[in-house]
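Biologist: I am new to this structure and would like to learn how to read it. Could you take me through it feature by feature?

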Amino acid sequence: MKSRFFWDTFFNKTLSAAALVSVLTLAGIFLLLLYNGLQAFSTIDIAEFLSAAPWNPAAYDAPVFGIGAMLFSTLIVTFGSMLIAVPLGIGTAAFLSEMASPRLRNLLKPAIEMLAAIPSVVIGFLGIVLVAPGLAQVFDLPNGLNALNGSILLAVMALPTLISVSEDAIHAVPDYYKEASYALGANRWETLLRVTLPACKSGVLAAVMLGLGRALGETMTVLMATGNATAMPHSIFDPVRTITATVAIEMGEVPFRTPHFYSLFACALVLFLITLGVNIAAERLAARLRKKGQ
Amino acid sequence: MEKIKLDVQALDLFFGKKQVLKNIHLSIPEGKITALIGPSGCGKSTLLRSINRLHDLHPDARLMGKILLDGHNILHRNTNVVHLRRRVGMVFQKPNPFPMSIAENVAYGLKINALCSKSEMRARVEQSLRNSFLWEEVADDLDKSALELSGGQQQRLCIARAIAVEPEVILFDEPCSALDPISTAKIEELIMGLRGKFTQVIVTHNMQQAQRVADYTAFMYLGELIEFGETRQIFEKPQQELTKNYVSGHFG
């Protein structure tokens with residue numbers, strides 16, 4: 001009896017510890033970013049840091065640390081990718097769940113999920129050799145490594161999650177809602193748009209947020225495919241450099257514990273705060289939608 | 001002789017290879033309440049769902065024979081099912097209001113079928129809720145979620161939603177099986193109040209309910225229609241041995 005009690009307690013404690021690891025990791029990362037990131041502001045003016053001042057951290061006499069252009073670039077590339085991925089993803093999910101035959105669905109869904117298995121460096125590669133030259137030709141540009149290129153590639157990367165999660169949400173809408181709608185003389189399109197999608201909007205929103213998180217944090221693809229110019233972009237056809245790309249490019253070569261070093265942590269901190277904000281907003285919105293639906 | 005609204009002729013229905021309805025002949029008179037009774041699995045709900053072609057949603061359902069609505073075969077390939085379902089409303093076994101507000105639920109059918117202008121909408125919603133005896137209870141809460149209503153209220157809302165589009169026929173698929181006795185009584189009163197305005201077909205496993213509300217009763221067993229007649233005759237002087245055994249409670 002005693003040994004059974006021991007093992008029960010033992011497993012209980014072990015599993016709690018395992019669960020604690022991820023929470024502690026999150027807290028640790030946040031503290032690390034906070035500790036190093038805030039040190040940047042002992043030498044850098046925070047207003048200048050967030051302004052549209054140029055990013056020139058390695059200048060010999062007067063280095064300038066302004067992430068405004070990169071922050072803006074990150075936002076337009078991400079927003080652009082969502083503009084492409086959200087309608088395409090929800091449309092695909094609705095087709096898979098509501099229109100496609102079960103056989104087609106069982107074929108297509110794993111195929112789409114496989115898209116997520118493609119390494120981001122491969123997507124970036126495709127961006128350089130395929131999408132960018134295509135864009136250059138279509139829009140008559142000197143080269144296609146620009147914000148739009150990044151948006152398209154990020155859309156491709158966000159799609160598998162977006163489709164898979166929103167398809168699950170749409171599929172989980174009970175048949176009796178749809179039957180009630182059909183029985184009132186609605187067609188498939190009206191039923192989808194007015195009953196099915198509203199009934200699962202919190203799930204679809206979660207899917208969009210997961211896709212958004214993926215696009216915001218993606219590094220390798222945008223680093224390879226957006227041209228890496230730190231200047232403020234004036235259109236989606238300008239080359240841009242996102243915050244993630246900046247950190248990835250410069251972190252390996254920056255002298256230890258210099259203002260430049262700390263400023264990269266501050267960059268990461270800004271990015272972390274954005275994704276945290278997006279996640280919290282999504283969580284709240286989803287909770288409110290769920291409550292409203294009940 | 002009464003006018004026949006729905007005429008089912010030699011109807012066979014298969015799900016895959018399994019035959020669920022066998023050579024059904026049934027004439028449902030206009031404006032009356034017709035009950036379909038029989039033990040579970042006898043095909044009464046399946047027959048009901050053939051009348052608004054809800055089986056179209058199941059790719060492996062096959063129907064043969066005819067169902068005439070005012071003389072036109074609704075099983076014909078060229079039938080516009082959207083139009084058919086506007087004329088033939090349905091109330092389901094489990095109350096299934098949409099996850100929207102009470103007013104939006106009733107307005108839904110009006111909106112998609114473009115049956116009235118925006119300015120008339122409120123009046124039509126109110127009228128439908130009054131006709132389903134729900135108005136007094138929800139008049140102040142029209143914008144509240146329909147899912148906050150009790151089960152009985154939800155079912156009356158579903159009836160309001162169905163009658164809002166002014167169908168000619170209303171199908172009830174065991175509308176009270178998920179409700180308590182008081183809510184059941186209200187629904188029955190409501191169905192009887194609609195007698196004459198709509199042709200109503202009600203599937204029920206509750207024989208007392210059939211006796212209370214129905215003008216005509218059809219008894220089904222193992223996919224076949226055994227006997228059809230005035231409710232009184234079916235329960236008091238059944239012609240078939242099977243019907244007699246069923247209504248007297250020997251099986252089922």
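Modeller: Start with burial: a residue counts as buried if 20 or more other C-beta atoms lie within 10 Å of its own. Keep in mind that this is a predicted model. Strand β7 (residues 169–173) of chain B has 5 of its 5 residues buried, so it is largely enclosed by the rest of the structure.

Biologist: Which residues of β7(B) are buried on one side, and which on the other?

Modeller: Val169(B), Leu171(B) and Asp173(B) are buried on one side.

Biologist: In what sense does β7(B) pair with β6(B), and over how many bridges?

Modeller: To read a pairing, look for the bridges and for the sense in which the strands run. β6(B) and β7(B) pair in the parallel sense over 4 bridges. Within that pairing, Val88(B) has Val169(B) as its bridge partner. β7(B) also pairs in the parallel sense with strand β8 (residues 199–203) of chain B, over 5 bridges. There, Asp173(B) stands opposite Val203(B).

Biologist: What unit do β7(B), helix α7 and β8(B) make?

Modeller: Here one follows the path from strand over helix to strand. β7(B), α7 (residues 181–193) and β8(B) make a right-handed β-α-β unit.

Biologist: Which strands form the open sheet of chain B, and in what order?

Modeller: The order of a sheet is read from strand to neighbouring strand. In chain B an open sheet of 4 strands has the order β2-β1-β4-β5, with antiparallel pairing. β2 and β5 (72–73) stand at its edges with a single partner strand each, so one side of each has no neighbour in the sheet.

Biologist: How many bridges join the strands β1(B) and β2(B)?

Modeller: Strands β1 (residues 4–15) and β2 (residues 18–29) of chain B pair in the antiparallel sense over 8 bridges. One of the bridge pairs is Leu13(B) with Leu21(B). The two strands form a hairpin with 2 residues between them, and Gly16(B) in the turn has a positive phi of about 65°. β1(B) is also joined by 8 bridges to strand β4 (residues 61–69) of chain B, running antiparallel. In that pairing Asp12(B) stands opposite Met64(B).

Biologist: How many residues of helix α1 of chain B are buried?

Modeller: In α1 (residues 44–51) of chain B, 7 of the 8 residues are buried, so the helix is largely enclosed by the rest of the structure. Among them are Lys44(B), Leu47(B), Arg49(B) and Ile51(B). Just after α1(B), Arg53(B) takes a positive phi of about 55°.

Biologist: What does the secondary structure of chain B come to as a whole?

Modeller: Chain B has 10 helices and 10 strands. Its radius of gyration is 18 Å, close to the 18 Å that the globule rule gives for 252 residues, so chain B is as compact as a globular protein of that length. The C-alpha trace spans about 55 × 40 × 35 Å along its principal axes. Buried residues make up 45% of the 252 residues.

Biologist: How many residues of chain B are in contact with chain A?

Modeller: An interface is read by listing the residues in contact on each side. Here 21 residues of chain B are in contact with 17 residues of chain A. On the chain B side, α2 (81–87), β6 (88–91) and α3 (102–112) each supply at least two residues. That side divides into 11 nonpolar, 6 polar and 4 charged residues.

Key. Residues numbered from 1 in each chain as written. Chains lettered and ligands numbered in written order. Predicted model: local features only at pLDDT ≥ 70, side-chain atom pairs only at ≥ 80, totals over all residues. Contact = placed C-beta atoms within 7 Å. Nonpolar A, V, L, I, M, F, W, Y, C, P; charged D, E, K, R; others polar. Buried ≥ 20, exposed ≤ 12 C-beta atoms within 10 Å, placed from the backbone. Pairing = 2+ DSSP bridges. Right-handed = clockwise from strand over helix to strand, strands pointing away. Rg over C-alpha atoms; globule rule 2.2 N^0.38 Å.
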